[in-house]
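Here's a quick look at a protein model with a ligand in it. Have the structure open while you read.

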Amino acid sequence: MRSLSGIPASSGIAIARAFVFLDDDEPIIPRYAIAGNELAGEWQRFQVALEKAREDIVLLRDRAKREMGDEHSAIFDAHLLMLEDVDLLENIEKSLNDSLLNIEWVLHQYSSSVVSQLESLDDPHFQERSSDVHDITHRILNHLMFRERFSLADLPEDVVLVAHNLLPSDMISMTRQHVKAIVMDAGGKTSHTAILARAFEIPAVLGLSGSVRSIKNGEMLIVNGQAGLVIVDPDTDMLVRYENIRARVLAHNDVLIAMAGQPAVTKDGIPLVLKANIEVPDEIETVIRHGAAGIGLFRSEFLFLQPGWAPSEEDQFSAYRRVLAAMNGKPVTIRTLDVGGDKVMPDMAMSAEKNPLLGWRAIRYCLFDVEMFQNQLRAILRASAFGDARIMFPMISGPDELDAALAALDVAKQACRDAKIAFREDIPVGIMIEIPSAALIADILARKVSFFSIGTNDLIQYTIAVDRGNERVAYLHEPFHPAVLRLIKRVIDDGHAAGISVSMCGEMASDPAAAIILLGLGLDEFSMSAASIPLVKRVLGSVNRTEASAIAAAVLTLESHRQVEDFMQQHLGGLAIQET
Ligand code: PEP
Ligand code: MG
């Protein structure tokens with residue numbers, strides 16, 4: 001039994017066997033010691049994988065010969081010869097015997113050293129040989145790790161998904177009901193993988209920085225998403241202990257969900273607006289179960305991240321209409337496509353950008369891909385005839401960009417009028433405030449829109465210059481940084497001065513301590529993953545508005561995020577609010 005600790009990214013307890021998923025970019029090669037009497041079995045595994053790799057290559061060679069001729073099939077003949085290279089096989093066997101480590105690791109190490117030797121030779125012939133070695137090794141490793149038999153889309157049983165770095169598109173395509181937890185080397189609390197894990201109520205521990213390598217496929221794991229803890233190969237006592245904890249957590253969640261029907265009000269009876277963020281229409285059931293007052297953020301880009309599917313105007317229209325109908329008159333804010341950063345559509349050139357977080361993201365991409373943007377705007381406008389739809393533009397950095405987005409909306413409205421399609425002429429239009437430049441000119445932007453929604457995930461990222469998905473700097477992604485708090489106050493004040501409503505859909509809104517400060521700063525609406533609503537409702541229900549204002553005023557005088565944290569700790573302690 002051993003434990004690993006990482007970033008607590010999505011709460012909940014799970015107990016299941018590990019499924020080690022090999023992402024192509026940086027596959028996790030397991031590394032573990034074996035005993036002397038296991039050597040023969042390990043070598044046998046290698047022989048089996050080698051034979052399967054040989055069968056693959058023969059098939060590929062025959063197909064290449066049929067379709068492209070001998071010239072193109074020769075490369076596979078060379079691969080087959082390499083598989084029979086006696087020196088090579090002897091070297092691998094010797095490394096296995098000497099190191100007493102598993103064969104995947106031995107093979108990986110051996111091939112890496114051969115590849116780097118070949119690459120260091122300044123001759124194109126050897127450079128090519130190095131990619132052959134890489135290719136063959138990859139093929140054998142895939143067989144050793146059963147990669148071919150599994151894909152995330154058809155997981156056959158309950159597993160804890162273990163990966164170096166799952167992309168949001170992997171999260172969308174996986175068989176969700178079988179993924180009991182997620183454990184990953186990469187990622188921070190506000191990375192989109194973490195956001196999706198919370199949305200799907202899957203416990204997750206991220207940012208394990210390389211230590212997932214020690215987890216073997218099929219090993220039993222306990223994942224404590226609240227504490228950021230992964231217990232590998234637990235003993236019976238630990239399993240029993242965690243079964244009990246899990247039962248308690250589930251019971252506590254039931255208590256919180258039972259509050260769904262109760263009104264959201266502060267202690268002194270001031271109504272609160274607590275909405276949900278969603279990524280895919282399927283989340284609606286969870287949203288309703290947790291008593292959301294509406295959808296404050298529909299991340300429409302996730303419709304576009306389904307592998308092999310580019311949603312048409314019609315597809316989008318039916319997705320938006322479905323959500324609006326399910327919300328039964330409650331407001332639904334649909335954010336236009338926010339791709340880029342870690343949300344890359346498979347066929348987009350942007351994946352090759354050097355600085356994707358500062359590049360062709362969100363509204364910048366939409367203003368370029370006019371046809372796609374018009375399709376989406378028309379789909380939202382058409383859906384607006386079926387409920388209280390609102391439009392929100394992401395990543396607005398200044399007035400010109402906003403004017404261009406508003407002009408695009410005018411074009412889409414005119415197209416609907418011309419086609420005699422019903423839509424809501426005065427559909428409310430708002431923007432995300434998630435770039436410091438926008439926060440600093442909120443007074444100017446506020447004159448052009450009917451609401452703001454503060455996206456703290458990105459606002460913090462860009463204010464503190466900290467990649468929200470990079471586990472190495474995750475400790476810097478700090479909502480209580482005085483610079484962040486000042487920007488938030490400014491946006492709320494400027495929005496109110498212009499008479500528009502200001503909400504927050506960044507993850508900060510779901511943090512109990514932050515929620516009290518935000519209430520005190522005058523935030524009008526909170527939007528968060530649905531599962532967070534009951535706790536925030538309970539926390540905000542335990543303070544008076546005036547109390548919250550005094551807390552916010554005091555917090556704004558503090559000089560570091562640590563001071564704010566300590567200050568809020570005392571206040572939360574006083575309120576005796578218990579988290580799951
Ligand atoms: C944000 O940036 O805070 C936000 C809500 O948008 P996303 O997390 O999708 O970037
Ligand atoms: Mg954002």
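## Where the ligand sits

Keep in mind that this is a predicted model. Ligand 1 takes up the space of the second largest cavity. Helix 16 provides the largest share, with three residues.

## Who touches it

There are 16 residues around ligand 1, and the ones that come nearest are Arg 299, Arg 335, Gly 455, Asn 457 and Arg 468. Sorted by class, the shell has seven charged, five polar and four nonpolar residues.

Now for the polar contacts. The side chain of Arg 299 puts an N or O atom 2.7 Å from an oxygen atom of ligand 1. For Asp 458, a polar side-chain atom lies 3.0 Å from a ligand 1 oxygen, and for Arg 468 the distance from a polar side-chain atom to an oxygen of ligand 1 is 2.7 Å. As for cover, ligand 1 has 290 Å² of accessible area on its own, and the protein covers 100% of that.

## Salt bridges

How many salt bridges does the structure hold? The count is 31. As a reminder, side chains of opposite charge can pair when their charged atoms come close.

One to click on is the salt bridge between Glu 51 and Arg 54, where the closest N and O atoms are 3.0 Å apart. Glu 51 and Arg 54 are about one helical turn apart because they sit three residues from each other in helix 1 (residues 39–68).

Methods
Residues are numbered from 1 along each chain as its sequence is written. Chains are lettered from A and ligands numbered from 1 in the order in which they are written. This is a predicted model: local features need pLDDT of at least 70, side-chain atom pairs count only at pLDDT 80 or more; totals for chains, interfaces and linings use all residues. Side-chain values use heavy atoms; hydrogens and water are left out. A residue is near a molecule or strand if one of its heavy atoms lies within 4 Å of it. A polar contact is a pair of N or O atoms within 3.5 Å; within protein, one must be able to donate a hydrogen and the other to accept it, and residues adjacent in sequence count only if both atoms are side-chain atoms. Accessible areas come from the Shrake-Rupley method with a 1.4 Å probe; for residues, only the protein chains shown count as cover. On a 1 Å grid over the protein atoms alone, a cavity is a set of points where a 1.4 Å probe fits but cannot get out, and a pocket is an open set with protein on both sides within 12 Å along at least five of seven lines; lining residues have an atom within 4 Å of a point. A molecule sits in a cavity or pocket if more than half of its atoms lie within 2 Å of its grid points. Helices (H or I, at least four residues) and strands (E, at least two) are DSSP runs, numbered from the N terminus. Ala, Val, Leu, Ile, Met, Phe, Trp, Tyr, Cys and Pro count as nonpolar, Asp, Glu, Lys and Arg as charged, and the others, Gly among them, as polar. A salt bridge is a side-chain nitrogen of Lys or Arg within 4 Å of a carboxyl oxygen of Asp or Glu.
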